[in-house]
Amino acid sequence: MSDHIHKRHNKNLMLYHLVCPVKYRLDIINKELEQTIEQTCFEISKRYEIHFVEIGTDEDHIHFLLQSIPNMLPSRMVQILKSITAREIFSKHPEVRKFLWGGKFWSNGYYINTVGHYGNEKVIANYVREQGKSYKQIHRSEPTLFDCLD
């Protein structure tokens, strides 16, 4: 179980599930690359406020369970993680470049999702309803992406 991060003025538990696919979805992640990625992630966590709760690999993508602080944007975490790991992979495994023309290890895209440690949307909604003396719902909608205005 992940612990809360205690800062001077807040206590938080920000967990993210991040999936990063290899460029062209090539099946090139092997034991040596896994070790380089793992070591690099440990170095990243020393320099940045990103904690790697879990790292899991497949041949063409990697899953990260990350913990960070509220002022670290998810997009910034992805940028840090992808750029530093790619640099280290190309440095320690130059043979990888022949499979990945264009000088990029990761694809441009990624998947990221928040992870609830203490409950899902339904549990939190019930907590909000029942935590006060009298609850009055003033708005409720399903979580969606923002629609672009035409």
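A: The face of helix 1 turned away from its buried side carries the exposed residues Lys31 and Lys46. Please keep in mind that this is a predicted model.

Q: Which residues of helix 1 are buried, then?

A: The buried residues in helix 1 are Leu33, Thr36, Ile37, Thr40, Cys41 and Ile44. They lie on the same side of helix 1, because the arc they cover around the axis is only 135°.

Q: What happens at the start of helix 1?

A: There, a side-chain oxygen of Asn30 comes to within 3.1 Å of the backbone nitrogen of Glu32.

Q: Switching to the sheet: what is the strand order?

A: It is an open sheet of 4 strands in the order 4-5-3-6, with antiparallel pairing. Strand 4 and strand 6 are the edge strands, each pairing on one side only. Direction ignored, neighbouring strands of this sheet are turned by 20° against each other on average.

Q: Over how many bridges do strand 3 and strand 5 pair?

A: Strand 3 and strand 5 pair over 8 bridges in the antiparallel sense, and Val19 stands opposite His63 in strand 5.

Q: Where does helix 2 sit, and what covers its buried residues?

A: Helix 2 lies across strand 3, strand 4, strand 5 and strand 6, running at about 45° to strand 3. Its buried residues, among them Met77, Leu81, Ile84 and Phe90, have a cover that includes strand 3, helix 1, strand 4, strand 5 and strand 6 (111-114).

Q: What span should helix 2 have, going by its residues?

A: At 1.5 Å a residue, its 19 residues should span 27 Å, and the end C-alpha atoms of helix 2 are 27 Å apart, which agrees.

Q: Last topic: which phi value does Tyr24 have, and what about Arg25?

A: Tyr24 has a positive phi of about 60° and Arg25 a positive phi of about 55°, although neither is a glycine. Most residues other than glycine have a negative phi. Tyr24 is found in the loop between strand 3 (14-21) and helix 1, and Arg25 is in the loop between strand 3 and helix 1 too.

Q: How accessible are Tyr24 and Arg25?

A: Tyr24 counts as partly exposed because its relative accessibility is 40%, and Arg25, with a relative accessible area of 45%, is partly exposed as well.

Terms used: Residues are numbered from 1 along each chain as its sequence is written. This is a predicted model: local features need pLDDT of at least 70, side-chain atom pairs count only at pLDDT 80 or more; totals for chains, interfaces and linings use all residues. Side-chain values use heavy atoms; hydrogens and water are left out. Buried means under 20% relative accessible area, exposed over 50%, partly exposed in between (1.4 Å probe, protein chains only). Helices (H or I, at least four residues) and strands (E, at least two) are DSSP runs, numbered from the N terminus. The arc is that of the directions from the helix axis to the C-beta atoms. A polar contact is a pair of N or O atoms within 3.5 Å; within protein, one must be able to donate a hydrogen and the other to accept it, and residues adjacent in sequence count only if both atoms are side-chain atoms. The expected span of a helix is 1.5 Å times one less than its number of residues. Contact means heavy atoms within 4.5 Å. Two strands pair if DSSP finds at least two bridges between them. Axes are lines fitted to C-alpha atoms, for helices over the stretch in contact, and angles run from 0 to 180 degrees between N-to-C directions.
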